[in-house]
Amino acid sequence: MSTFLSNLISGVSLGSVYAIIALGYTMVYGIAKMLNFAHGDVIMIGAYMCFVMMFNLNTPAFVGVLIAMAVCTLLGITIERLAYKPLRQATSLSVLITAIGMSYFLQNLAQLIWGANPKSFKSVIPSGGLSLMGGSLKISYVTIVTIIASVLIMVVLTLFVNHTKMGKAMRCVSEDRGAAELMGVNVDLTITVTFAIGSALAAIAAVLMCSAYPTLKPTTGSMPGIKAFTAAVFGGIGSIPGAMLGGILLGVIEILGKAYVSSELGDAFVFAVLILVLLVKPTGLLGKKIHEKV
Amino acid sequence: MAEPMLKVDGIDVYYGAIHAIKGISFEVHENEVVTLIGANGAGKSTTLNTIGGLMKPRTGKIEFLGQNISAMPASKVVPLGIALCPEGRRIFQQMTVRENLEMGGYTRPASEIQDTMDEMFGRFPRLKEREKQIAGTLSGGEQQMLAIARALMSHPKLLMLDEPSMGLAPILVDQIFDIIKELHKAGTTILLVEQNARKALQVADRAYVLETGKITLSGTGEELANSDEVRKAYLGG
């Protein structure tokens with residue numbers, strides 16, 4: 001029982017990281033109508049930035065996290081302005097290919113700067129954890145912080161999107177870009193802010209992920225990126241609660257699959273889920289299809 | 001005569017290689033209802049979208065209250081006092097009625113929104129009843145009212161309506177035209193695009209006929225309603 005609980009909690013924790021990354025995917029998709037496949041690599045850059053700050057410059061962990069967030073935010077804005085904005089009127093295939101190109105560019109840039117050898121990331125969160133059920137269930141602080149962080153992000157993001165002017169503008173652009181423009185919304189600015197938020201979240205995800213799984217290399221971001229994309233589709237791409245739910249469920253499925261079925265097939269379960277969802281409910285768990293009324 | 005509120009001067013608009021608007025010029029004066037009539041594809045919506053800042057004219061000039069707005073994006077045009085209620089309504093289906101109205105007032109200070117909203121609820125009591133409802137669940141007529149109210153939320157000096165009667169039952173069409181008359185009486189300047197030429201000419205002070213991107217006729221609403229060409233082409237004989 002305690003093993004199962006322990007696995008479940010690890011799953012929720014891993015899933016929380018996926019969820020935070022998936023939020024970036026889903027918001028950008030919802031608002032800019034594009035799949036930003038370079039999102040995973042922004043995570044990797046965030047992790048390296050935090051690493052450089054903490055281990056090369058010996059700053060405290062929180063400074064590392066803040067710098068990583070700042071750099072990722074700028075990086076996200078720069079990528080959007082340089083690579084995606086000129087393609088606003090182009091076909092979605094051109095944008096997709098550009099995003100994949102950007103992903104490889106960032107990976108190779110990281111390899112050029114930091115080399116291909118993996119670095120070992122030290123957790124920004126104190127090691128150790130809580131002992132529950134008479135010591136048979138241990139929950140590490142990293143796990144706790146990850147889950148709390150993702151819940152907080154979810155709450156803040158939901159409040160932002162539903163109650164602020166910029167948040168409402170985002171929902172409008174997401175639903176009907178032209179109509180949003182007619183309301184006086186600056187669509188370009190809205191898209192930039194979306195990229196900024198998604199990339200800042202990517203930095204948080206980076207630090208949490210590398211605190212739990214401490215190997216850092218130029219391809220560190222690609223697998224979690226793809227899985228978070230799967231999570232976003234699973235939950236219903238474009239939906240913020242969907243990304244959260246999809247991420248957590250996916251993390252749980254991955255960890256339980258690894259623990260009880262086959263440790264090698266954990267990743268395969270994740271993608272099997274994607275295929276199943278696309279077959280059975282292509283709009284995802286919380287994805288909506290609104291029928292227009294005439 | 002005073003300077004026109006809106007002066008469209010020889011604009012050409014293209015969709016890629018397609019020459020949609022071919023050098024049209026027209027004017028709208030303060031407190032006027034002006035209508036553009038014409039068949040499908042004549043360029044009526046394109047004209048409104050260009051004035052509204054969604055598209056840019058390749059040549060020519062659009063002046064609003066003496067200011068050149070030809071190259072301005074919609075986000076700059078709206079605060080100047082131009083609102084476009086687009087074809088097909090395009091309300092935000094997943095948002096509530098209230099949120100739709102708030103978005104209409106996007107460019108205005110938050111402190112003024114509630115007053116204008118109360119004004120809209122006074123004019124459209126049905127919207128008040130449905131304030132918290134998701135806009136996508138409204139009936140077609142209610143959605144059109146919401147679209148008009150949303151456009152009015154920016155307190156426009158010039159309200160552009162693109163096919164407000166499209167897809168509505170005859171009784172609702174009458175209601176929409178009653179609203180246009182009321183807005184006119186209240187002093188709103190309106191540029192109306194309509195397929196329902198008969199109704200449009202009844203409410204219009206002046207009208208222009210648009211054919212394949214060119215203005216072919218113009219005059220007062222009454223003159224055009226009585227012209228043989230218009231009667232044959234748009235009023236069914």
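This is a predicted model: local features need pLDDT of at least 70, side-chain atom pairs count only at pLDDT 80 or more; totals for chains, interfaces and linings use all residues.

Modeller: In chain A, the residues Ile9(A), Ser10(A), Val12(A), Ser13(A), Ser16(A), Val17(A), Ala19(A), Ile20(A) and Leu23(A) of helix α1(A) meet Thr143(A), Thr146(A), Ile147(A), Ser150(A), Ile153(A) and Leu157(A) of helix α5(A). Helix α1(A) covers residues 2-32 and helix α5(A) residues 141-163, and their axes come within 9 Å while crossing at roughly 35°; the crossing of α1(A) and α5(A) is left-handed.

For the sheet we turn to chain B, where 6 strands form an open sheet with mixed pairing, in the order β6-β7-β8-β3-β9-β10. Its edge strands are β6(B), residues 82-85, and β10(B), residues 214-220, each of which pairs on one side only, and from one strand to the next the twist averages 15°. Within this sheet, β3(B) (residues 33-37) and β9(B) (residues 206-211) run parallel and are joined by 4 bridges, and Ile37(B) has Val209(B) in β9(B) as its bridge partner.

Helices also lie against these strands: α1(B), residues 44-52, lies across β3, β6, β7, β8 and β9 of chain B, running at about 145° to β7(B). Helix α7(B), residues 170-185, packs on the sheet as well, where it touches β3, β7 and β8 of chain B and its direction makes about 155° with that of β8(B).

Conventions. Residues are numbered from 1 along each chain as its sequence is written. Chains are lettered from A and ligands numbered from 1 in the order in which they are written. Axes are lines fitted to C-alpha atoms, for helices over the stretch in contact, and angles run from 0 to 180 degrees between N-to-C directions. Helices (H or I, at least four residues) and strands (E, at least two) are DSSP runs, numbered from the N terminus. A crossing is left-handed if the near helix is turned anticlockwise from the far one by less than a right angle, and right-handed if clockwise. Two residues are in contact if their C-beta atoms, placed from the backbone, lie within 7 Å. Two strands pair if DSSP finds at least two bridges between them.
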